[in-house]
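Reader: I would like to learn how to read packing and backbone features in a model like this. Could we take them one at a time?

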Amino acid sequence: MNGWSRLSDKDVLSGAIFAGVGVWFTAQSMNLSMGTTRSMGPGYLPMLLSVVLIAFGLAVLVRGLLRGAGPITAVPLRGLVAVVAALLIFAFCTRGAGLVPTVFAMVLVTCLGSRRARPVPSVILAAALALFCMVAFIWGLGLPLSVIGPWLGGY
Amino acid sequence: MTFDLLANLSVGFSAAFSLDNLFYCFAGVLLGTLIGVLPGIGTVATIAMLLPVTFGLPPVGALIMLSGIYYGAQYGGSTTAILINLPGESSSVVTAVDGYQMARNGRAGVALATAAIGSFFAGTVATLLLALFAPPLAAVALTFGPAEYTSLMALGLVASIALASGSLLKAFAMMFVGLLLGLGGQDIYTGAQRFTLGLVELIDGYEFIAIVMGMFGIAEVIRNLEDESSRSVLSTKIRNLFPSRADLREMAAPVVRGTALGSILGILPGGGAMLSSFASYALEKKVSRQPETFGKGALAGVAGPESANNAGAQTSFIPMLTLGIPSNPVMALMIGALIIQGITPGPNVVTEQPVLFWGLIVSMWLGNLMLVVLNLPLVGIWVKLLSVPYHYLFPAIVVFCAVGVFSVNNASFDVTLMAIFAVVGYVLVKLDCEPAPLLLGFVVGPMLEENIRRAMLVSRGDPMIFVERPISAVLLVLAAAAIIAVALPAIRKGREQAFKEA
């Protein structure tokens with residue numbers, strides 16, 4: 001096994017992630033007051049827990065180095081990127097653009113994540129879902145969002 | 001005692017049979033089945049997606065609807081498992097084995113009916129158990145001090161990890177990440193901000209729903225997009241929905257055994273539906289006179305696990321309602337829902353919210369009844385739903401998750417948070433790290449910290465309080481025993497075996 005395949009081992013990777021997250025939590029806890037054992041401050045337990053997390057992370061990492069759990073399988077980026085992009089569109093555009101255009105755009109972007117989705121049905125689906133969201137969530141459940149937002153001349 | 005039970009149940013009946021609650025129960029079961037039957041959406045994702053729908057309801061109605069969603073989702077998952085061999089959730093993995101074979105032999109209707117009948121019987125028995133045992137358990141829990149509570153939570157967390165599948169070390173690491181994330185936000189005692197990165201949006205802590213939907217809902221979608229090979233839906237028309245007399249005789253014993261097994265395993269932390277169904281399948285195979293039929297469409301292989309997973313789903317409410325401790329991700333969601341409704345989960349719920357508690361119990365039984373009444377005639381519609389291709393389904397899931405998470409606090413930030421946790425959850429699953437312990441840790445984290453801090457105040461900073469108090473000591477010994485037991489090579493092998501059996 002060469003160096004690279006060891007680095008892509010599932011245990012080595014996850015161990016490193018856990019240890020790294022633990023270090024981040026420890027660093028964050030440093031800024032908090034520890035208090036005493038009798039009267040624990042806000043930093044006491046986080047510090048304790050994050051140190052234990054680092055220990056577990058290192059244990060997983062070492063186990064990976066010694067035994068190996070097999071390399072991580074390829075991460076197909078297409079679906080991941082499309083879905084995350086769609087969510088970010090929602091997060092950053094609903095207030096400005098309104099619900100209907102946002103949902104329309106986000107469905108089109110999500111469809112790009114699938115190899116099997118075809119353009120025309122995707123557009124129909126996007127329109128249908130945008131309409132459904134308007135009826136169900138704004139009219140029905142009273143979600144405080146505008147149908148068409150200020151960016152597009154709505155209110 | 002019996003009189004009490006009857007009086008309490010009548011409180012429950014009058015609550016559950018109010019027109020509103022009947023409707024919520026019905027709507028829950030229907031919606032749960034509707035979403036749960038869609039391939040690739042598990043129970044947790046279904047409940048998380050539908051959780052925002054219940055926010056506007058009164059607490060009793062919300063909880064009744066959520067539990068209806070839970071059974072519905074579970075039954076929907078079984079339907080998917082039987083008809084297209086695609087279990088939407090871990091607890092119906094074993095159902096898929098023999099159920100799908102039955103379907104291929106033209107007995108899909110019988111398999112579906114068996115699942116429904118078994119679930120109903122198991123649900124009825126488990127609901128009775130819940131009514132009988134929850135109040136005394138809550139009475140015991142009321143005497144618990146902070147030390148006992150701390151140890152109980154430690155036991156709950158450890159046991160739920162010990163009984164789950166996969167690597168112990170990773171599960172522990174995931175649990176600690178969850179505990180730490182759960183502590184995020186403003187500290188209740190000092191007002192200090194923890195892990196907020198200076199963001200105003202995180203002062204109230206990391207939004208639970210955003211994390212659940214990200215890690216269970218969206219991450220699942222991304223995973224399904226990896227492999228888009230088409231799934232074959234059985235095109236044969238479903239006929240002979242009703243099992244013959246011979247079928248009924250054949251399923252009776254497995255249903256009873258599955259119910260018993262599921263009821264016991266459901267109470268255990270980490271048990272719940274999944275472990276119950278696996279254990280029941282193994283048991284049925286062992287006691288069967290024709291073990292060679294298993295995997296080729298054995299009726300017992302559907303009847304046992306389906307009863308067991310429903311019984312387990314039901315009895316896992318016992319620790320949640322009486323102790324306020326989640327034993328699995330679904331119960332973690334229920335606790336989240338209670339907290340959103342302004343109810344502190346714990347032993348006080350039984351005495352302080354009798355209408356909620358007993359109403360929920362009665363409506364559980366009612367929900368199970370509705371499941372049977374609703375599903376047998378509607379099977380045709382569910383089958384139609386199954387044929388919706390995934391590439392037109394998942395954009396809808398993504399949209400509903402986004403709107404759902406947004407609606408919790410009307411906060412766009414939570415949608416971003418969900419996207420982040422979706423990536424985190426996806427990567428972790430790729431690395432064989434189960435997301436469930438993280439979720440349990442997240443829910444238990446704040447409660448655990450509060451009790452530890454109180455215990456240390458009581459003991460004036462002496463950690464010996466946890467071992468000097470007898471109940472607390474016993475709980476900790478049990479927790480230690482659970483870890484040691486799972487770490488032992490012999491038992492470890494058995495544990496892996498149990499999960500591989502199917």
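Reader: Let us start with handedness. In which hand does α14(B) pass α19(B)?

Author: The crossing of α14(B) past α19(B) is left-handed. Bear in mind that this is a predicted model. Two packed helices are described by the angle between their axes and the distance between the axes. Here the axes of α14(B), residues 329-340, and α19(B) come within 9 Å. They cross at roughly 30°.

Reader: Are α14(B) and α19(B) roughly parallel or oblique to each other?

Author: Angles under 35 degrees count as roughly parallel. The crossing is roughly 30°, and α14(B) and α19(B) are therefore roughly parallel to each other.

Reader: Which residues meet where α14(B) packs on α19(B)?

Author: From α14(B) come B:Pro329, B:Ala332, B:Ile335 and B:Gly336. They meet B:Ala436, B:Leu439, B:Leu440 and B:Val443 of α19(B). By class, that contact holds seven nonpolar residues, one polar and no charged.

Reader: Now a second pair in chain B. How do α4(B) and α16(B) cross?

Author: Apply the angle and the distance again. Helix α4(B) covers residues 59-84 and α16(B) covers residues 354-386. Their axes come within 8 Å and cross at roughly 35°. The crossing of α4(B) past α16(B) is right-handed. The contact of α4(B) with α16(B) has 16 nonpolar and 10 polar residues, with no charged residues.

Reader: Next, the chain contact. How many residues does each chain give?

Author: The size of an interface is often given as the accessible area lost when the parts come together. For this model, take the residue counts. Chain B gives 50 residues and chain A gives 61 residues. On the chain B side, α8 (168-182), α9 (208-226), α17 (390-409), α18 (412-430) and α19 (436-458) each supply at least two residues. The largest share of that side, 10 residues, comes from α17(B).

Reader: What classes of residue make up the side of chain B that touches chain A?

Author: That side has 33 nonpolar residues, seven polar and 10 charged.

Reader: Which residues meet between α5(A) and α17(B)?

Author: On α5(A), they are A:Val103, A:Met106, A:Val107, A:Thr110 and A:Cys111. On α17(B), they are B:Phe394, B:Pro395, B:Val398 and B:Val399. This contact divides into eight nonpolar residues, one polar and no charged.

Reader: On to the backbone. What is the phi of B:Phe195?

Author: B:Phe195 has a positive phi of about 50° although it is not a glycine. B:Phe195 sits in the loop between β2 (193-194) and α9 of chain B. B:Asn410 also has a positive phi, near 50°, and is a residue other than glycine. B:Asn410 lies in the loop between α17 and α18 of chain B.

Reader: Is B:Phe195 buried or exposed? And B:Asn410, buried or exposed?

Author: Count the C-beta neighbours. B:Phe195 has 20 inside 10 Å, so B:Phe195 counts as buried. B:Asn410 has 11 inside 10 Å, so B:Asn410 counts as exposed.

Reader: Where is B:Ala303, and what does it touch?

Author: B:Ala303 is in helix α12 (residues 300-315) of chain B. With 34 other C-beta atoms within 10 Å, B:Ala303 is buried. Beyond its neighbours within four places in sequence, B:Ala303 contacts B:Thr114, B:Gly118, B:Met251, B:Pro254, B:Val255 and B:Gly258. B:Ala303 and B:Ala252 are 51 residues apart in sequence, yet their C-alpha atoms are 8.3 Å apart.

Reader: Last, confidence. What are the scores?

Author: The model scores ipTM 0.94 and pTM 0.87. Chain B averages a pLDDT of 85, and 92% of the residues score at least 70.

Definitions and conventions
Residues numbered from 1 in each chain as written. Chains lettered and ligands numbered in written order. Predicted model: local features only at pLDDT ≥ 70, side-chain atom pairs only at ≥ 80, totals over all residues. Contact = placed C-beta atoms within 7 Å. Helix = DSSP H or I, 4+ residues; strand = E, 2+ residues; numbered from the N terminus. Nonpolar A, V, L, I, M, F, W, Y, C, P; charged D, E, K, R; others polar. Buried ≥ 20, exposed ≤ 12 C-beta atoms within 10 Å, placed from the backbone. pLDDT = per-residue confidence, 0-100. Axes fitted to C-alpha atoms, helices over the stretch in contact; angles between N-to-C directions. Parallel < 35°, antiparallel > 145°, perpendicular 65-115°, else oblique. Left-handed = near helix turned anticlockwise from the far one by under 90°.
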